[in-house]
Amino acid sequence: MKFSFKIGSIWGIPIELHLTFLLLIVAIFALSLLSNLNFYFFFIIIALFVFVVFHELAHSLVARRYNIKVRKIVLYPIGGVSEIEDLPNNPAQEWRMALSGPLTSLVLGAIILAIGIAISPQLIPTALTFTITGNILIDLAILNILLGLFNLIPAFPMDGGRVLRAVLAQHMKYASATRLAVIIGRVLGIGMVIIGFIFPGYFLLIIIGLFVYLGANQEGQQTKLASQLATIRIKDAMQPDITMIDSTQPLTEAIEHMNKNGYHNALVQKNGALIGIVTQSEILKIPNQQRDLLHIEQIPLLYIVLFEDQSILEADKIRLKEQIDLLPVVQKENPTQIIGTLTTKNIAHAYEKTQNP
């Protein structure tokens, strides 16, 4: 089930709103009606997530600079997430990507604060205590500054945790840097929870601490899983079954072939040699009445191949990037000669093996 829906796009990057965020908005609006909570606070919450979009766009634009594709930005009640294809291998690129979000928030906050103070100089003491002032510019500035500072906490899943991991990775192995950053995140999370229990006035720290602890754990598990998948070769997970369709077949037969085999793409051969992959999405671009008239070779085909000595981790990255669920495994000496196929089920089975060896 999809729990987020698209609300627009900026610079070609889809922006999606998670269902839980919508529920939060409804809840705050209801509280505004049923209690003394005024609509100013409701507006501030909405404005906060507008600035979260700017924060996430900064990450996305830096990622694009390094030729990393950004799939989308999803807004959650706890903030935003930029979904990118893959983390950069270069630690310097990773910390720049991670740091761009908090820096954007801090710069926006500083600019808005300067404008607010210029208009209302008497609010300087209140602004410096980071409390709600009732002045829209000052309050929006404070929100941005707090958003930037919060994300600089050196613990996953905050940006500060990724900056820490990238800095450590410049001096040690990536996996070791992640483990150390995860440990630091767990310690900080536990520390926040303890402080929240000891000092009731800081009860919110309990929620933040749990969020930090769970985020650090999740990052650690994902890194461990990726390390394990990197050790599994495609030859140990692929299947020998090879079914291809001829390039001269009409598009309607390609659709039937995909439906019969349960995949959204099919391998295409000509004179016994692999010439590419046809995808359902490409065929659906063609009007129904033309699909009987056009042959497979007349539409764009993907040419992606795997080699048996590659890792499952590499294959999964390719699968996610190209959004296909059936990949050909070929001979290195003769890339048109298929020796097996790798499917989403094969990759899922490899994941299960790492969980239950």
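**Exercise 1. Determine how strand β8 is joined to strand β9 and describe the sheet to which they belong.**

Solution. Step 1: strands β8 and β9 (residues 326-330) run parallel and are joined by 2 bridges. Helices (H or I, at least four residues) and strands (E, at least two) are DSSP runs, numbered from the N terminus, and two strands pair if DSSP finds at least two bridges between them. The model is a predicted one, in which local features need pLDDT of at least 70 and side-chain atom pairs count only at pLDDT 80 or more, while totals for chains, interfaces and linings use all residues. Residues are numbered from 1 along each chain as its sequence is written, and side-chain values use heavy atoms, with hydrogens and water left out.

Step 1: within this pair, Leu306 stands opposite Val329 in β9.

Step 2: the open sheet has 3 strands in the order β8-β9-β10, with mixed pairing. Its edge strands, each pairing on one side only, are β8 (306-307) and β10 (338-343).

Step 3: helix α11 (residues 312-322) lies across β8, β9 and β10 and runs at about 135° to β9. Here contact means heavy atoms within 4.5 Å; axes are lines fitted to C-alpha atoms, for helices over the stretch in contact, and angles run from 0 to 180 degrees between N-to-C directions.

**Exercise 2. Describe the sheet that contains β5, β6 and β7, and the helix packed on it.**

Solution. Step 1: the strand order in this open sheet of 3 strands is β5-β6-β7, and the pairing is mixed. At the edges, β5 (244-246) and β7 (273-279) each pair on one side only. Neighbouring strands are turned by 40° against each other on average, direction ignored.

Step 1: β5 runs parallel to β6 (residues 265-270), with 3 bridges joining them. Met244 stands opposite Leu267 in β6.

Step 2: helix α9 (residues 251-261) packs on the sheet and touches β5, β6 and β7; the direction of α9 makes about 125° with that of β6.

**Exercise 3. Characterise the packing of helix α6 against α3 and against α7.**

Solution. Step 1: α3 (residues 91-119) and α6 (residues 159-169) pack at an angle of about 160°, with their axes 8 Å apart. This makes α3 roughly antiparallel to α6 (angles over 145 degrees). The crossing is left-handed, meaning that the near helix is turned anticlockwise from the far one by less than a right angle.

Step 1: the contact includes Trp95 and Leu99 of α3 and Arg162 and Val163 of α6. Its residues divide into 8 nonpolar, no polar and 4 charged. Ala, Val, Leu, Ile, Met, Phe, Trp, Tyr, Cys and Pro count as nonpolar, Asp, Glu, Lys and Arg as charged, and the others, Gly among them, as polar.

Step 2: the axes of α6 and α7 (residues 174-198) come within 8 Å and cross at roughly 140°.

Step 3: among the residues in contact are Leu164 and Leu168 of α6 and Tyr174 and Ile184 of α7. The division here is 8 nonpolar, 2 polar and 1 charged.

Technical notes:
Parallel < 35°, antiparallel > 145°, perpendicular 65-115°, else oblique.
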